[in-house]
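Okay, thanks for coming, everyone.

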Amino acid sequence: MKRMQGLSSPPSDRLSAPRVLVADDDETSLCFLGDALHRLGAIVTLSPDGSSALDRARSEIFDLLILDCRMPGGDAESVLRDLRNTHEAHSVCAPAVASSAEIDAQARRRLLAAGFHAVLLKPCTLSDLRDILALAVTDRQKLPLLDDGQALSAGGSPAVVQALRGLFYQELITIDRELETLCQDAKTLEARLHKLRSSCGFCGAISLGEHAASLQQHLKLSHQGAMLPLGEFRQSLRQTIQALGTP
């Protein structure tokens, strides 16, 4: 089990402001979404149609895409499909949300199956957008696997943290072994992630905590379709296991 070498640097700063691309041909919707996301701390780029949104997503890096289902120059599905097929695009892997003024259950399932992380029904509230914004991928890949400073703040002493990390290590081994089974029931997986985030906080597992929160938010929003944050969560899980197991 990895031992602490005393206090590390203070816990890392909060994630940088997410860059969000919003595409909508309705000027009122575009204005509201842009202003609301800006108030929530995002850096927002607005596009009035599908073709300009695709061009921006190909040439710029965004942490989240919000695409209207009915736009000239390409609807949400066609924009996302073309973007995902352009492997050199700067935002090829950015999480995407489909927005519309009317969405029935069948259309929702189709959009989620097409690769959207969530569906946003308009008109929406600031609270709705806050939930959506939680899907944004910013600097999770740059977060430390283990932050001794945070762990010591929670545990109080190196001995306590060491004991907690021993239990945490076994917990992660179990989750890694049972992950495929957990994924068969979204509610069970979401509940397990909720408990895991507490353990991450006590043990200073910064990266895994953020990836668990991202996957948990995805499950709360959609419960159907492909769980796109799952791969990143699994990778962070195994990296954290390896870090804990390093002498």
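**Salt bridges, cysteines and a kink**

So, Arg19, Arg56 and Glu60 are joined in a network of salt bridges. By salt bridge I mean a side-chain nitrogen of Lys or Arg within 4 Å of a carboxyl oxygen of Asp or Glu.

Quick housekeeping. This is a predicted model, where local features need pLDDT of at least 70 and side-chain atom pairs count only at pLDDT 80 or more, while totals for chains, interfaces and linings use all residues. Residues are numbered from 1 along each chain as its sequence is written, and side-chain values use heavy atoms, with hydrogens and water left out.

How many salt bridges does the structure hold? There are 11. In one of them, arginine 19 pairs with glutamate 60, with the closest N and O atoms 3.9 Å apart. Arginine 19 sits in strand 1 (residues 19-23) and glutamate 60 in the loop between helix 2 (50-59) and strand 3 (64-68), so the pair ties together parts that are 41 residues apart in sequence. Helices (H or I, at least four residues) and strands (E, at least two) are DSSP runs, numbered from the N terminus. Arginine 19 is partly exposed, at 30% relative accessible area; the cut-offs are under 20% for buried, over 50% for exposed and partly exposed in between, with a 1.4 Å probe and protein chains only.

Next, arginine 110 and glutamate 77 meet in a salt bridge at 3.0 Å, N to O. That links helix 4 (residues 105-113) with helix 3 (residues 76-84), the two residues being 33 apart. Arginine 110 is partly exposed at 43%, and glutamate 77 is partly exposed at 24%.

Then there's glutamate 171 with arginine 192, closest N and O atoms 3.3 Å apart. Here helix 7 is linked to helix 8 (residues 186-203), across 21 residues. Glutamate 171 is buried at 16%, whereas arginine 192 is partly exposed at 24%.

Staying with helix 7 (residues 158-182): it has a kink of about 40°, centred on aspartate 176. The bend at a residue is the angle between axes fitted to the seven residues ending there and the seven starting there. Buried residues in helix 7 include Val161, Phe168, Leu172, Ile175 and Leu179.

The structure holds zero disulfides. Cysteine 200 is buried at 2%, and cysteine 203 is buried at 3%.

Terms used: A disulfide is a pair of cysteine sulfur atoms within 2.5 Å.
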